[in-house]
Amino acid sequence: YCASKFGAFGFNESLRYELRKLGKTGVHTTCVCPYYINTGMFDGVKTRFPLLLPILQPEYAANKIVRAIKTRQALLFMPRIVRFTCLARLLPTAVADWLVDVLGISNTMDEFKGH
């Protein structure tokens, strides 16, 4: 799952660059980067810090996504703190790994039952 999200992010980035280079000003992309959304797909997913990284409600996520598309927002991070995952790449690997452990990100799907 994480690999496909990373792939979608990279695909969006390269597509945006190519459209810009080709002068295609009438085409816009919006890359949506949510934390988990409370659907059957993520049944059983847990979050260590729900105030910091809440499981998102589908209606909330859908409204944010539609608004981002309508306003031609290039990137949508939900919740906003997810934006800092990009900055984590600038950290030394050991520090980034420690941060993942502290936030419990690697354990979120330990009780995953989704489909």
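Let's start with the strands: β1 and strand β2, residues 75–78, run parallel and are joined by 4 bridges. Strands here are DSSP runs of E with at least two residues, helices are runs of H or I with at least four, and both are numbered from the N terminus. Two strands count as paired if DSSP finds at least two bridges between them. Across this pairing, C33 stands opposite F77 in β2.

A quick word on what we're looking at. This is a predicted model, where local features need pLDDT of at least 70 and side-chain atom pairs count only at pLDDT 80 or more, while totals for chains, interfaces and linings use all residues. Residues are numbered from 1 along each chain as its sequence is written, and side-chain values use heavy atoms, leaving out hydrogens and water.

Now the core. C33 and F77 belong to the largest nonpolar core, which has 10 residues, including F9, Y36, F42 and V82. Such a core is a set of buried Ala, Val, Leu, Ile, Met, Phe, Trp, Tyr and Cys residues joined through side-chain atoms within 4.5 Å. Another core, of 6 residues, lies apart from it, with L56, A61, L76 and M78 among them.

Next, T29, in the loop between α1 (2–21) and β1 (31–34). Is T29 buried or exposed? T29 is buried, because its relative accessible area is 14%, and buried means under 20%, exposed over 50%, partly exposed in between, with a 1.4 Å probe and protein chains only. Leaving aside neighbours within four places in sequence, T29 is in contact (heavy atoms within 4.5 Å) with N12, L15, R16, L19, Q73 and A74.
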